[in-house]
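Subject: Structure handover

Hi,

Here is the structure I promised to pass on to you.

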Amino acid sequence: MPRFAFRAKDSVGRLVTGHADGASAAVVARELMDAGSIPIVIEPYAAAKPSVAPASRLFKPTVKLDELIIFSHQMTSLMKAGISIVRAMRGLSESTRNPYFAVVLEHLAADLEAGTDLATCLKRHADVFSNLYASVIHVGENTGRLDEAFKRIAKYLELERETMKRLKAATRYPTFVLVAIAVAIAILNLFVIPAFANVFAKFGADLPWQTQVILSVSEFFVDYWYLLIASIVAVAVAATRWVNLPEGRHAWDRGKLRLPILGGIFERVNLARFCQTFAMVMRSGLPVTQGLGVVAGAIGNEYMARKVLGMRSSIERGESITSTAAASGMFSGIVMQMIAVGEETGSIDELLEQAAGFYEEEVDYQLKGLTDAIEPILIIAIGGMVLVLALGVFLPLWDLSGVATR
């Protein structure tokens with residue numbers, strides 16, 4: 001039944017706004033008058049979409065991954081219960097705690113009432129629903145298995161969340177130590193070393209070159225700290241803009257895969273995501289070439305995405321999935337065997353899921369050893385700081401104290 005937005009005055013003359021379902025605007029007006037209100041404006045609800053403006057351009061409202069997972073599970077249950085999509089969207093918009101997500105769901109409901117299919121509605125909100133999300137829902141909508149589509153995408157998002165949690169947990173300790181080292185360097189150069197410089201100046205002794213270098217660096221920090229901050233900000237802004245360019249993103253993502261220690265983890269995470277996503281789109285019923293296009297957008301690495309698009313081009317020319325996967329050079333021998341068997345038996349989606357599990361196990365193993373691998377590097381860095389201080393600051397100070405006691 002159509003929904004209308006209205007503005008009316010109640011029995012005491014106060015302005016009342018809201019929305020109501022009715023066969024026509026006249027029916028809604030009659031219901032308002034029966035309730036003692038005088039209608040002023042009645043219009044289709046789609047023409048009165050709510051909007052939420054961000055508090056500032058810097059902090060744009062977003063929908064968290066956890067909220068999207070909960071939404072997908074809720075839609076699975078509602079679709080199984082036979083509730084209409086419009087009613088489900090409006091019910092969830094009223095229950096969500098995220099105002100921005102509530103507005104998005106209201107927009108979806110209004111667009112659905114206007115006759116737009118769900119996948120197209122989702123694509124209009126690309127900041128919330130990815131192309132992968134919309135593509136899986138599109139297939140479920142066309143096959144009449146929308147509940148399974150929501151269930152499948154919810155499972156995929158849960159795997160993404162677990163991968164992100166593992167990466168954050170593994171990098172939390174090294175990040176904390178590196179930040180602590182950076183803060184320590186700043187404090188030493190801005191406060192500690194200048195105090196020693198005053199002591200050295202009082203004695204007027206000849207200082208070794210190591211100490212002179214340390215004092216010069218500290219003096220630069222003290223005199224030009226604002227230039228250092230401005231340079232760091234400028235480099236960060238320039239790097240961000242460069243990474244947002246297509247070629248910059250391609251070079252950055254390629255460089256991440258070549259990092260020592262972390263590069264192998266990033267590569268396997270992306271390969272696991274490729275296998276999971278490709279298995280899901282194949283199981284959803286998308287054609288292989290279209291599915292690879294969706295996978296390229298969901299893999300999260302521009303360098304590997306271009307390889308996936310190269311696979312799609314080769315398949316469009318008539319080559320097999322196995323040969324294109326081998327030509328890409330992305331996969332290990334074991335995974336290539338699984339893809340070959342899956343293509344021969346017609347169960348490539350199942351074997352791709354197994355390949356994803358294989359990569360996830362490798363990621364877990366590498367993440368568990370990440371701290372052990374990084375700890376020696378951090379210890380060497382801290383030891384180097386202590387050595388520099390000992391040679392450049394404390395040794396001259398000890399020499400001066402020895403002279404003073406003679």
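Predicted model: local features only at pLDDT ≥ 70, side-chain atom pairs only at ≥ 80, totals over all residues.

**Overall form**

The protein has 17 helices and 3 strands. Its radius of gyration is 31 Å, whereas a compact globule of 406 residues would come out near 22 Å. Along the principal axes, the C-alpha atoms fill a box of roughly 105 × 75 × 30 Å. Of the 406 residues, 37% are buried. Taking the contacts with a separation of 6 or more, 60% are between residues 24 or more positions apart. The exposed surface comes to about 22800 Å², and carbon and sulfur atoms supply 61% of that area.

**The cavity**

How many cavities of 30 Å³ or more are there? The count is 1, and the space in this largest cavity is about 50 Å³. Its lining is made of Glu160, Thr163, Arg166, Arg268, Val269, Ala272, Arg273, Gln276, Glu360 and Val363. By class, that lining divides into 5 charged, 3 nonpolar and 2 polar residues. Three helices each supply at least two of the lining residues: H7 (146-203), H11 (262-284) and H16 (348-368). H11 gives the most, with 5 residues.

**The largest pocket**

The largest pocket holds about 420 Å³ of space. There are 21 residues in its lining, and those nearest the centre are Leu65, Ser130, Leu157, Glu160 and Ala298. Two or more lining residues come from each of helix H2 (65-80), helix H6 (131-143), H7 and helix H12 (288-298). Which helix gives the most to this lining? That is H7, with 5 residues. The classes here are 13 nonpolar, 4 polar and 4 charged. Glu160 is worth a look, as this residue is named in the lining of the cavity and also among those nearest the centre of the largest pocket.

**The second largest pocket**

The second largest pocket has about 290 Å³ of space. Its lining counts 14 residues, with Arg152, Lys155, Met280, Arg283 and Glu353 nearest the centre. The largest share in the second largest pocket is from H7, at 6 residues. Sorted by class, the lining has 7 charged, 5 nonpolar and 2 polar residues.

**Helix H12**

H12 is one of the helices that line the largest pocket. Buried residues in H12 are Gly291, Leu292, Val294, Val295, Ala296 and Ala298. Among the elements that cover them are H6, H7, H11 and helix H13 (302-316). Just after H12, you will find Gly300 with a positive phi of about 85°.

Asp66 sits in helix H2. Is Asp66 buried, exposed or partly exposed? Its relative accessibility is 38%, so Asp66 counts as partly exposed. Met304 is 238 residues away from Asp66 along the chain, and their C-alpha atoms are separated by 26 Å.

Ser218 belongs to helix H8 (residues 209-223). This residue counts as buried because its relative accessibility is 2%, where the cut-off for buried is under 20%. Apart from neighbours within four places in sequence, the contacts of Ser218 are with Asn189, Ile193 and Pro194.

Ile374 lies in helix H17 (residues 370-405). With a relative accessible area of 13%, Ile374 is buried as well. Which residues does Ile374 touch, not counting those up to four places away in sequence? They are Pro174 and Ile261. Gly263 is 111 residues from Ile374 in sequence, with 13 Å between their C-alpha atoms.

Do write back with any questions once you have had a look.

Best wishes

Technical notes:
Residues numbered from 1 in each chain as written. Heavy atoms only, no water. 1 Å grid on protein atoms, 1.4 Å probe; cavity = no way out; pocket = protein on both sides within 12 Å on 5 of 7 lines; lining within 4 Å. Points joined across faces, edges and corners; volume = space filled by probe spheres on them. Helix = DSSP H or I, 4+ residues; strand = E, 2+ residues; numbered from the N terminus. Nonpolar A, V, L, I, M, F, W, Y, C, P; charged D, E, K, R; others polar. Rg over C-alpha atoms; globule rule 2.2 N^0.38 Å. Buried < 20%, exposed > 50% of the residue type's maximum accessible area, 1.4 Å probe, protein only. Contact = heavy atoms within 4.5 Å. Areas by Shrake-Rupley, 256 points an atom, 1.4 Å probe, with all protein chains shown as cover.
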